[in-house]
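Let's walk through this one together, question by question. Keep the viewer open as you read.

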Amino acid sequence: MFRRVIRFLFKAMLWFFAISIIGVVFFKFVPVPLTPLMVVRAIENKIDGKEMICSHDWEPLKNISTNLQKAVIASEDGTFLTHNGFDFNAIQKAMKNNEKGKKLKGGSTISQQTAKNVFLWQGRSYLRKGLEAYFTVLIELIWGKERIMEVYLNSIEMGVGVYGAEAACQYWYKKEASNLTKYEAAGIAAILPNPRKFKATNSSSYINRRKDRIVKHMRYVGKLEY
(Lines give C-alpha, C1' and ligand atoms only; values in the text may rest on other atoms or scores of the structure.)
Protein backbone atom coordinates (compact mmCIF):
# COMPACT_ATOMS: atom_id res chain seq x y z
CA MET A 1 0.00 0.00 0.00
CA PHE A 2 2.78 2.41 0.98
CA ARG A 3 4.67 1.68 -2.25
CA ARG A 4 1.52 2.36 -4.29
CA VAL A 5 1.10 5.73 -2.62
CA ILE A 6 4.74 6.59 -3.29
CA ARG A 7 4.43 5.55 -6.95
CA PHE A 8 1.23 7.57 -7.30
CA LEU A 9 2.84 10.68 -5.78
CA PHE A 10 5.92 10.25 -7.94
CA LYS A 11 3.83 9.97 -11.11
CA ALA A 12 1.70 12.94 -10.05
CA MET A 13 4.83 15.05 -9.58
CA LEU A 14 6.17 14.02 -12.97
CA TRP A 15 2.88 14.95 -14.62
CA PHE A 16 2.85 18.29 -12.79
CA PHE A 17 6.39 19.13 -13.90
CA ALA A 18 5.67 18.08 -17.48
CA ILE A 19 2.39 20.00 -17.76
CA SER A 20 3.79 23.13 -16.09
CA ILE A 21 6.85 23.22 -18.33
CA ILE A 22 4.71 22.66 -21.45
CA GLY A 23 2.41 25.48 -20.30
CA VAL A 24 5.29 27.90 -19.80
CA VAL A 25 6.79 27.02 -23.18
CA PHE A 26 3.37 27.42 -24.83
CA PHE A 27 2.84 30.92 -23.40
CA LYS A 28 6.31 31.97 -24.48
CA PHE A 29 4.87 32.22 -27.99
CA VAL A 30 1.09 32.53 -27.52
CA PRO A 31 -0.71 35.53 -25.95
CA VAL A 32 -2.25 34.77 -22.55
CA PRO A 33 -6.00 35.01 -23.21
CA LEU A 34 -7.23 34.76 -19.63
CA THR A 35 -5.80 34.74 -16.11
CA PRO A 36 -7.16 33.14 -12.91
CA LEU A 37 -7.81 36.62 -11.49
CA MET A 38 -10.01 37.51 -14.48
CA VAL A 39 -12.04 34.37 -13.84
CA VAL A 40 -12.34 35.15 -10.12
CA ARG A 41 -13.47 38.71 -10.81
CA ALA A 42 -16.07 37.46 -13.33
CA ILE A 43 -17.44 35.00 -10.76
CA GLU A 44 -17.53 37.68 -8.05
CA ASN A 45 -19.45 40.02 -10.37
CA LYS A 46 -21.85 37.23 -11.29
CA ILE A 47 -22.54 36.48 -7.62
CA ASP A 48 -23.02 40.18 -6.88
CA GLY A 49 -25.32 40.51 -9.89
CA LYS A 50 -23.07 43.02 -11.61
CA GLU A 51 -22.90 43.22 -15.39
CA MET A 52 -19.29 44.29 -15.73
CA ILE A 53 -17.40 44.22 -19.02
CA CYS A 54 -13.90 42.80 -18.93
CA SER A 55 -11.57 44.86 -21.09
CA HIS A 56 -8.41 43.03 -22.17
CA ASP A 57 -6.56 43.83 -25.38
CA TRP A 58 -3.22 42.12 -26.03
CA GLU A 59 -0.45 44.23 -27.56
CA PRO A 60 3.13 43.23 -28.44
CA LEU A 61 5.72 44.87 -26.22
CA LYS A 62 6.96 46.98 -29.15
CA ASN A 63 3.54 48.68 -29.17
CA ILE A 64 3.69 49.57 -25.47
CA SER A 65 5.44 52.81 -24.56
CA THR A 66 8.84 52.46 -22.93
CA ASN A 67 7.57 55.10 -20.52
CA LEU A 68 5.12 52.56 -19.09
CA GLN A 69 7.79 49.88 -18.97
CA LYS A 70 10.10 52.20 -17.04
CA ALA A 71 7.27 53.36 -14.80
CA VAL A 72 6.35 49.86 -13.61
CA ILE A 73 10.03 49.03 -13.05
CA ALA A 74 10.48 52.24 -11.04
CA SER A 75 7.32 51.56 -9.05
CA GLU A 76 7.24 47.79 -8.66
CA ASP A 77 10.70 46.32 -9.17
CA GLY A 78 13.74 48.55 -9.46
CA THR A 79 16.15 45.65 -10.08
CA PHE A 80 14.01 43.88 -12.68
CA LEU A 81 16.60 44.16 -15.44
CA THR A 82 19.38 42.63 -13.36
CA HIS A 83 17.88 40.07 -10.95
CA ASN A 84 17.16 36.41 -11.72
CA GLY A 85 13.55 36.51 -10.62
CA PHE A 86 13.95 37.37 -6.95
CA ASP A 87 15.06 40.53 -5.15
CA PHE A 88 16.44 39.07 -1.94
CA ASN A 89 17.13 42.48 -0.42
CA ALA A 90 13.48 43.45 -0.89
CA ILE A 91 12.33 40.08 0.49
CA GLN A 92 14.52 40.54 3.57
CA LYS A 93 13.21 44.07 4.09
CA ALA A 94 9.60 42.88 3.74
CA MET A 95 10.22 40.11 6.30
CA LYS A 96 11.69 42.59 8.78
CA ASN A 97 8.71 44.91 8.32
CA ASN A 98 6.37 41.99 8.86
CA GLU A 99 8.19 41.06 12.08
CA LYS A 100 7.72 44.62 13.31
CA GLY A 101 4.01 44.42 12.56
CA LYS A 102 4.21 46.73 9.57
CA LYS A 103 2.35 46.09 6.32
CA LEU A 104 4.05 43.42 4.23
CA LYS A 105 5.06 44.92 0.90
CA GLY A 106 7.86 45.19 -1.59
CA GLY A 107 8.92 41.55 -1.65
CA SER A 108 7.53 40.42 -5.00
CA THR A 109 9.32 41.18 -8.24
CA ILE A 110 7.64 41.72 -11.60
CA SER A 111 8.68 38.16 -12.47
CA GLN A 112 6.98 36.78 -9.35
CA GLN A 113 3.85 38.83 -9.96
CA THR A 114 3.70 37.57 -13.55
CA ALA A 115 4.10 33.95 -12.44
CA LYS A 116 1.29 34.39 -9.92
CA ASN A 117 -1.06 36.25 -12.28
CA VAL A 118 -0.75 33.79 -15.16
CA PHE A 119 -0.46 30.41 -13.46
CA LEU A 120 -1.76 30.67 -9.89
CA TRP A 121 -4.47 31.93 -7.59
CA GLN A 122 -4.48 34.90 -5.22
CA GLY A 123 -3.61 34.46 -1.56
CA ARG A 124 -0.62 34.07 0.74
CA SER A 125 -0.45 30.39 1.60
CA TYR A 126 2.92 28.66 1.76
CA LEU A 127 1.82 26.34 -1.05
CA ARG A 128 1.05 29.23 -3.39
CA LYS A 129 4.29 31.02 -2.53
CA GLY A 130 6.23 27.84 -3.19
CA LEU A 131 4.55 27.35 -6.56
CA GLU A 132 5.10 31.03 -7.33
CA ALA A 133 8.83 30.59 -6.78
CA TYR A 134 8.82 27.49 -9.01
CA PHE A 135 7.01 29.24 -11.88
CA THR A 136 9.21 32.33 -11.43
CA VAL A 137 12.30 30.22 -12.04
CA LEU A 138 10.66 28.64 -15.09
CA ILE A 139 9.64 31.89 -16.77
CA GLU A 140 13.03 33.48 -16.07
CA LEU A 141 14.73 30.50 -17.73
CA ILE A 142 12.28 29.95 -20.59
CA TRP A 143 10.74 33.35 -21.31
CA GLY A 144 13.44 35.89 -20.48
CA LYS A 145 12.95 39.50 -19.39
CA GLU A 146 11.36 40.81 -22.58
CA ARG A 147 8.60 38.20 -22.61
CA ILE A 148 8.04 38.53 -18.87
CA MET A 149 7.53 42.28 -19.25
CA GLU A 150 5.24 41.74 -22.25
CA VAL A 151 3.04 39.25 -20.40
CA TYR A 152 3.05 41.35 -17.24
CA LEU A 153 1.91 44.50 -19.02
CA ASN A 154 -0.78 42.57 -20.88
CA SER A 155 -2.24 40.64 -17.96
CA ILE A 156 -2.23 42.68 -14.76
CA GLU A 157 -5.29 44.43 -13.38
CA MET A 158 -5.15 48.18 -14.06
CA GLY A 159 -8.65 49.25 -13.09
CA VAL A 160 -12.08 47.81 -12.38
CA GLY A 161 -12.56 45.24 -15.14
CA VAL A 162 -9.47 46.57 -16.95
CA TYR A 163 -6.56 44.24 -17.73
CA GLY A 164 -3.39 45.05 -19.62
CA ALA A 165 -1.71 48.20 -20.89
CA GLU A 166 -3.78 48.83 -24.02
CA ALA A 167 -7.11 48.49 -22.24
CA ALA A 168 -5.82 50.67 -19.38
CA CYS A 169 -4.61 53.42 -21.68
CA GLN A 170 -7.91 53.48 -23.52
CA TYR A 171 -9.82 53.46 -20.22
CA TRP A 172 -7.84 56.10 -18.37
CA TYR A 173 -6.50 58.34 -21.16
CA LYS A 174 -8.45 57.48 -24.34
CA LYS A 175 -5.21 56.81 -26.20
CA GLU A 176 -3.05 53.94 -27.39
CA ALA A 177 -0.46 52.32 -25.14
CA SER A 178 2.30 53.37 -27.53
CA ASN A 179 1.66 57.08 -26.93
CA LEU A 180 1.88 57.46 -23.16
CA THR A 181 3.77 60.38 -21.66
CA LYS A 182 5.98 59.82 -18.62
CA TYR A 183 3.41 61.29 -16.25
CA GLU A 184 0.55 59.26 -17.75
CA ALA A 185 2.63 56.09 -17.45
CA ALA A 186 3.40 56.98 -13.85
CA GLY A 187 -0.32 57.40 -13.26
CA ILE A 188 -1.01 53.80 -14.24
CA ALA A 189 1.99 52.47 -12.31
CA ALA A 190 0.93 54.43 -9.22
CA ILE A 191 -2.41 52.63 -8.88
CA LEU A 192 -1.07 49.07 -9.25
CA PRO A 193 -1.01 48.34 -5.51
CA ASN A 194 -4.82 48.59 -5.58
CA PRO A 195 -6.20 49.36 -9.07
CA ARG A 196 -9.80 48.77 -7.96
CA LYS A 197 -9.53 51.51 -5.35
CA PHE A 198 -7.22 54.13 -6.86
CA LYS A 199 -7.62 56.24 -10.01
CA ALA A 200 -4.96 57.10 -12.58
CA THR A 201 -6.83 60.30 -13.49
CA ASN A 202 -8.56 62.73 -11.14
CA SER A 203 -6.36 61.08 -8.55
CA SER A 204 -6.14 61.56 -4.81
CA SER A 205 -3.25 63.54 -3.33
CA TYR A 206 -1.67 60.25 -2.26
CA ILE A 207 -1.61 58.90 -5.84
CA ASN A 208 -0.38 62.24 -7.19
CA ARG A 209 2.56 62.08 -4.79
CA ARG A 210 3.24 58.52 -5.97
CA LYS A 211 3.17 59.72 -9.58
CA ASP A 212 5.77 62.39 -8.84
CA ARG A 213 8.05 59.89 -7.09
CA ILE A 214 7.74 57.38 -9.94
CA VAL A 215 8.61 60.00 -12.57
CA LYS A 216 11.74 60.89 -10.58
CA HIS A 217 12.75 57.23 -10.22
CA MET A 218 12.18 56.60 -13.93
CA ARG A 219 15.31 58.68 -14.63
CA TYR A 220 17.40 55.99 -12.96
CA VAL A 221 15.90 53.01 -14.81
CA GLY A 222 18.58 51.78 -17.19
CA LYS A 223 18.21 51.41 -20.92
CA LEU A 224 15.65 48.70 -21.65
CA GLU A 225 17.80 46.10 -23.34
CA TYR A 226 16.19 42.76 -22.57
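Below are some questions and answers on this predicted model.

Q: How many helices and strands are there in the chain?
A: Reading from the N terminus, the elements run α-α-β-α-α-α-α-α-β-β-α-α-α. That gives a total of ten helices and three strands.

Q: What is the radius of gyration of the chain, and how does the globule rule bear on it?
A: Along its principal axes, the C-alpha trace spans about 65 × 40 × 40 Å. For 226 residues the globule rule gives 17 Å, and the value for this chain is close to that, so the chain is as compact as a globular protein of that length. The radius of gyration itself is 19 Å.

Q: How much of the accessible surface belongs to carbon and sulfur atoms?
A: The accessible surface of the chain comes to about 13,300 Å². Carbon and sulfur atoms hold a share of 58%.

Q: Are α5 and α6 roughly parallel or roughly perpendicular to each other?
A: Helix α5 covers residues 110–119 and helix α6 covers residues 126–142, and their axes lie 8 Å apart. The two pack at an angle of about 110°. Angles of 65 to 115 degrees count as roughly perpendicular. The relation of α5 to α6 is therefore roughly perpendicular.

Q: How many charged residues does the contact of α5 with α6 have?
A: On the α5 side, the residues are Ser111, Gln112, Thr114, Ala115, Lys116 and Phe119, and they meet residues of α6 including Arg128, Lys129, Glu132 and Glu140. By class, the contact has four nonpolar and four polar residues, and the number of charged ones is five.

Q: Is lysine 174 buried or exposed?
A: You can find lysine 174 in the loop between α8 (165–173) and α9 (182–190). Its phi is positive, about 60°, although lysine 174 is not a glycine. Residues over 50% relative accessible area count as exposed. Lysine 174 has 66% relative accessibility, so it counts as exposed.

Q: What is the relative accessibility of asparagine 202?
A: Asparagine 202 lies in the loop between α9 and α10 (205–218). Here too is a positive phi in a residue other than glycine, with a value near 50°. Asparagine 202 counts as exposed because its relative accessibility is 77%.

Key
Residues numbered from 1 in each chain as written. Predicted model: local features only at pLDDT ≥ 70, side-chain atom pairs only at ≥ 80, totals over all residues. Heavy atoms only, no water. Axes fitted to C-alpha atoms, helices over the stretch in contact; angles between N-to-C directions. Helix = DSSP H or I, 4+ residues; strand = E, 2+ residues; numbered from the N terminus. Parallel < 35°, antiparallel > 145°, perpendicular 65-115°, else oblique. Contact = heavy atoms within 4.5 Å. Nonpolar A, V, L, I, M, F, W, Y, C, P; charged D, E, K, R; others polar. Buried < 20%, exposed > 50% of the residue type's maximum accessible area, 1.4 Å probe, protein only. Rg over C-alpha atoms; globule rule 2.2 N^0.38 Å. Areas by Shrake-Rupley, 256 points an atom, 1.4 Å probe, with all protein chains shown as cover.
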